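Hello,

Please have a look at it first, then read on.

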Amino acid sequence: MTYDKLFADALKPLHDEQRYRVFIEIERIAGRCPLATWQSPTGPRTVVLWCSNDYLGMSRHSDVIRAMTETAARTGIGAGGTRNIAGTNSPLVTLERELADLHGKASALVFTSGYVSNQTGISTIARLIPDCLILSDELNHNSMIEGVRQSGVEKKVWRHNDTAALERLLAAEPCRPKLILFESLYSMDGDVAPINRICDLAGRYGAMTYCDEVHAVGMYGARGAGVAARDGAMHRIDVIEGTLAKAFGCLGGYITGSRNLIDAVRSHAAGFIFTTALPPPLCAAATAAIRHLKTSDEERRLQQRHAARLKQVLVAAGLPILPTSTHIVPLMVGDPRLCKQASDLLLSDYGIYIQPINYPTVAKGTERLRITPTPYHDDALIGQLRDALVDVWQRLRLPLANSLVAAE
């Protein structure tokens, strides 16, 4: 058997369906957000990033960089092993206390990524609940889906953000332990969950709630705790999960909840027990970012202003964006080949990088460019992006929005 041919065969349908992923080599420039250096085929070029999940530019904030470098000089780089083997480094303990305080919970537990915190947290919590039934929103992230799968418990999927559908599933199992899984902000369409209504149903039918705030932490609420905080629902949610890798500009994931719940996950979760701890410099950097965003609203204010301005400008130009109330700006293409071509043209001809979003990240036929303005994408950059997009849409003969969508 020629094993290598099996791997080549596995790649063929990705190429055939125009959804093979090409990674663009880019080096972001500290102090010059949102600029980056693209290693193009003809040599280095300066480009403008419009698709980073470093939503507030905190990865380049002076307080964050200082915390990381000073801690690295003091402690070294790595954590030295798992927390059980090498001990728990002090910056990690401080970070978990900061996260618990951010979300108003008794305790927090940090993982190596947001993916791992969902995958491990959900699977462990569900397994620890006898006869647990998971009720999962149909658009939940792959990390949540994997957590459900690895739990081995029964699951039922409810229509996205449809609380009537959720209530029917809850009412059908009145006495059974239930765990409701949902995201506060869905990163591909930019819509938000009806959090208080979900919590109302959880209380009525005796269910636990688990909310993924990955794309909302740092971005919403008076202290950056997320959409649940903004909506006055944070205290009603049993488990809040988040990431340190997006608005906080670092790396890692976490869950927060009651002291017993967090201790039970810490004590039973293989994805936590057998994984090297987050390095001290990263923990210190994340803590600095969280502390800054707890007291500073300037980054959020500017980001929301620029997101609103961008939507206004693109709608006025007739470009087909999905209407959202959040910082996510999905620009719809609807074809994987054309989506990739649009992304390539923006990069090569205009010095603008926006990655194409294709299946399986989104459903086939809903391919898009996902734009995420930061506090540093000013009106001049917004105008440049609009002009480039209009030109690309004309060159590729892509459809513009109809008058109804534009009016929305």
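Helices (H or I, at least four residues) and strands (E, at least two) are DSSP runs, numbered from the N terminus. Please keep in mind that this is a predicted model, in which local features need pLDDT of at least 70, side-chain atom pairs count only at pLDDT 80 or more, and totals for chains, interfaces and linings use all residues. Residues are numbered from 1 along each chain as its sequence is written, and side-chain values use heavy atoms, with hydrogens and water left out.

On confidence, the average pLDDT (the predictor's confidence in each residue, from 0 to 100) is 95 for the protein, and 98% of the residues score at least 70. Over residues 403-408, however, the pLDDT is below 50, and this stretch has 4 contacts in the model beyond near neighbours in sequence. A contact here means heavy atoms within 4.5 Å.

Back to β9 (residues 239-243): 5 of its 5 residues are buried. Buried means under 20% relative accessible area, exposed over 50%, and partly exposed in between (1.4 Å probe, protein chains only). Val239, Glu241 and Thr243 lie on one side, Ile240 and Gly242 on the other, and both faces are covered. Strand β8 (residues 207-212) pairs with β9 in the parallel sense over 3 bridges, while strand β10 (residues 253-257) pairs with β9 in the antiparallel sense over 4 bridges. Two strands count as paired if DSSP finds at least two bridges between them. In β10, tyrosine 254 is opposite glycine 242.

There is also an open sheet of 4 strands, ordered β1-β2-β3-β12, with mixed pairing. β1 (26-28) and β12 (352-353) are at its edges, each with a single partner strand, so one side of each has no neighbour in the sheet. Within this sheet, β2 (residues 35-40) and β3 (residues 43-49) form an antiparallel pair over 6 bridges, and tryptophan 38 has arginine 45 in β3 as its bridge partner.

Isoleucine 24 sits in the loop between α1 and β1 and is partly exposed, at 27% relative accessibility. Leaving aside residues up to four places away in sequence, isoleucine 24 touches Trp38, Leu347 and Tyr353.

Finally, leucine 6 belongs to helix α1 (residues 3-16) and is partly exposed, with a relative accessible area of 44%.
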